[in-house]
Amino acid sequence: MPVQCAHKQASTAMAGGLFSMEHPWASAFGILGNIVSFLVFLAPVPTFLRVYRKKSTEGFSCVPYVVALFSCTLWILYALVKTNSSPLLTINAFGCAVESVYIVLYLAYAPRAARLRALASVLLLDVAAFSLVAGVTLLLVAEPNRVKVLGSVCLAFSMAVFVAPMSVIFVVIRTKSAEFMPFSLSFFLTLSAVAWFFYGLFTHDLYVTLPNVGGFFFGCIQMVLYCCYRKPKAAASVVILPTTAATAAAQAAEMELPLAALDAAAVLPVLADLPVLADLQKLEEAMGSPRKAGIKAI
């Protein structure tokens, strides 16, 4: 029993404070995790600057930001219950502030239907679900088991968040294009997973260590796929523009173009007809238009 208590005290000491000379490795990876996660949280800033300038959300979803806010609140609660987890507390407090700003901007400029969906997501996940988790943990769970219960919830949710990029991975494989998977974001997410993995390892916190194993794995897969599909296939570099919308849709289906490319192909034929009409008019003027001569065309 005294050995277990000493082990817990050592783990608590390593987890406390942003930097400790007694446990430099845990402190170093905690600070590195804060720095990298800080950059990851700020990655959507250009998107929301564009939203602010255009006064429109341009149809994108706010679900990732609602989920990120929920994740930050869970980890803040975990850090407060565990105590002496300053690196977890500081970065997730910053994440809560940033994600809240993103959501407020989305609610301000989204269409009414999208705004209502976003508001419902915030109320269900960030308010109701978090209140349920906090209430059950603090009121119904005995104090010695709170860290274990809350850590298990954070672990399960974090694993679900790390598995979410599988949909993007499938899109990259299907379209043979890494257009929808920026390398820089995948790199920083992987680096963040490495930093928090070692922080959890040196603080003997399995609830921090285990989910970041999955984060590192999926981050590496994304970077490998980016290296494989960063350039389009040579056969697809030359595309013959169709002359009708029906032909465009058929060829797009055969080539498995992304949705944005399909929309562009559907517009191009309409614009491509305009130069043809202009050339016909010039030809008539050069040869003498039959309509001008009053001759009935057969």
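**Figure 1. Contacts of Tyr106.** Tyr106 touches Phe48, Thr57, Phe60, Ser61, Cys62, Ala114 and Ala118, leaving aside residues up to four places away in sequence. Contact here means heavy atoms within 4.5 Å. The model is predicted: local features need pLDDT of at least 70, side-chain atom pairs count only at pLDDT 80 or more, and totals for chains, interfaces and linings use all residues. Residues are numbered from 1 along each chain as its sequence is written, and side-chain values use heavy atoms, with hydrogens and water left out. Tyr106 is found in helix α5. Tyr106 counts as buried because its relative accessibility is 6%. Buried means under 20% relative accessible area, exposed over 50%, and partly exposed in between (1.4 Å probe, protein chains only). Tyr65 lies 41 residues from Tyr106 in sequence, and their C-alpha atoms are 9.7 Å apart in space.

**Figure 2. The protein chain as a whole.** The chain has 12 helices and zero strands. Helices (H or I, at least four residues) and strands (E, at least two) are DSSP runs, numbered from the N terminus. Of the 298 residues, 32% are buried. Among contacts with a separation of 6 or more, 72% join residues 24 or more positions apart. The accessible surface comes to about 17900 Å², and carbon and sulfur atoms hold 72% of it. These areas come from the Shrake-Rupley method with a 1.4 Å probe; for residues, only the protein chains shown count as cover.

**Figure 3. The largest nonpolar core.** This core has 35 residues, and Tyr78, Leu88 and Tyr106 touch the most other members. Two or more residues come from each of α2 (24-41), α4, α5 (86-109), α6 (112-140), α7 (146-163), α9 (183-202) and α10 (206-229). Helix α4 gives the most, with 11 residues. A second, separate core has five residues, including Ile169, Val172, Met181 and Leu225. A nonpolar core is a set of buried Ala, Val, Leu, Ile, Met, Phe, Trp, Tyr and Cys residues joined through side-chain atoms within 4.5 Å.

**Figure 4. Helix α4.** Helix α4 spans residues 63-82. Its 20 residues reach 29 Å from first C-alpha to last, close to the 28 Å expected at 1.5 Å a residue. The expected span is 1.5 Å times one less than the number of residues. Helix α4 is mostly covered, with 14 of its 20 residues buried. Thr83 follows α4 and has a positive phi, near 70 degrees.

**Figure 5. Packing of α2 against α5.** The two helices pack at an angle of about 5 degrees, with axes 9 Å apart. That makes α2 roughly parallel to α5. Angles under 35 degrees count as roughly parallel, over 145 as roughly antiparallel, 65 to 115 as roughly perpendicular and the rest as oblique. Axes are lines fitted to C-alpha atoms, for helices over the stretch in contact, and angles run from 0 to 180 degrees between N-to-C directions. From α2, Gly30, Asn34, Ser37, Phe38 and Phe41 take part. They meet Pro87, Thr90, Ile91, Phe94, Gly95, Val98, Glu99 and Tyr102 in α5.

**Figure 6. Helix α9 and His204.** Helix α9 has 20 residues and reaches 29 Å from first C-alpha to last. Its buried residues are Ser186, Thr190, Ser192, Ala193, Ala195, Trp196, Tyr199 and Gly200. His204 sits in the loop between α9 and α10. The phi of His204 is positive, near 55 degrees. At 48% relative accessibility, His204 counts as partly exposed. Ala26 is 178 residues from His204 in sequence, with 9.8 Å between their C-alpha atoms.
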